[in-house]
Amino acid sequence: MGAPPPEKEWSSDLFDCFEDHATCCYGFWCGPCLASTVTGRFGENRLLPVCDILSMCTSVICGIPVYVPPAVLSVRVAMRNRYHIKGSLLEDMCASCLCQCCSWCQMHRELKHHNKTPNVIVMQSQPILQMQPAPVMMVPLAGYVTQPGVTVISN
């Protein structure tokens, strides 16, 4: 069995929201929709982010001061493992707790980065055929009419 592929960095940093304005606006104005889109594109159930909302409500009701959103954390860890991205569980927990919206935006940008399809242009060589012969310049002969009303006379 071969060695695992080397780990690389995320395609964008956690706070690179303004590198992709569409994702930034999508995450800011409709964070739950972005979270649902990310989980769906990643192959998970689109309702997984509801766990974050329910967990937060439960922690507020029970008075638990520390809250780690389970959906954003689990998708982030799974994405790091799938795409061989450097990092640790502690870093993922910090990103998920401190800026959940930024974490979803970063994952969305990562999915866009990995789902890029290259533009492939297939060029086939085709023979070039000339349908008309190249124009040939001819010297007018003496005594012949070259244009109406003009006669060429040579000595």
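These are my notes on what I looked up in this predicted model.

**Ground rules.** I number residues from 1 along each chain as its sequence is written, and I use heavy atoms for side-chain values, leaving out hydrogens and water. Because the model is predicted, local features need pLDDT of at least 70 and side-chain atom pairs count only at pLDDT 80 or more, while totals for chains, interfaces and linings use all residues.

**Overall.** I took helices (H or I, at least four residues) and strands (E, at least two) as DSSP runs, numbered from the N terminus. The protein chain has six helices and two strands, in the order α-α-α-α-α-α-β-β. I called a residue buried under 20% relative accessible area, exposed over 50% and partly exposed in between (1.4 Å probe, protein chains only). Of the 155 residues in the protein chain, 28% are buried. With contact meaning heavy atoms within 4.5 Å, I looked at pairs at least 6 apart in sequence: 64% of these contacts join residues at least 24 apart.

**Helix H1.** I listed the buried residues of H1 (residues 21-29) and got Thr-23, Cys-24 and Gly-27. Seen down the axis, they fall within an arc of 100°, so they line one face of the helix; the arc is that of the directions from the helix axis to the C-beta atoms. Their cover includes helix H2 (31-41) and helix H6 (100-114). On the other side of H1, I found His-21, Ala-22 and Trp-29 exposed.

**Rings.** I searched the whole structure for aromatic pairs (rings of Phe, Tyr and Trp, the last by its six-membered ring, with centres within 6.5 Å; planes under 30 degrees apart are stacked, over 60 edge-to-face, the rest tilted), and one came up. Phe-28 and Trp-29 are edge-to-face, 4.8 Å centre to centre with 85° between the planes. Phe-28 and Trp-29 are both exposed.

**Cysteines.** I counted a disulfide where two cysteine sulfur atoms lie within 2.5 Å, which gave two. Cys-30 and Cys-33 have sulfur atoms 2.3 Å apart; Cys-30 is partly exposed at 26%, and Cys-33 is partly exposed at 35%. Cys-99 is joined to Cys-102, S to S 2.5 Å, and this link is right-handed with 50° about the S-S bond. Cys-99 counts as buried at 19%, as does Cys-102 at 11%. In sequence order of the bonded cysteines, the pairing is 1-2, 3-4. Which cysteine sulfur is nearest to that of Cys-101, which is in no disulfide? I found that of Cys-105, 4.3 Å away.
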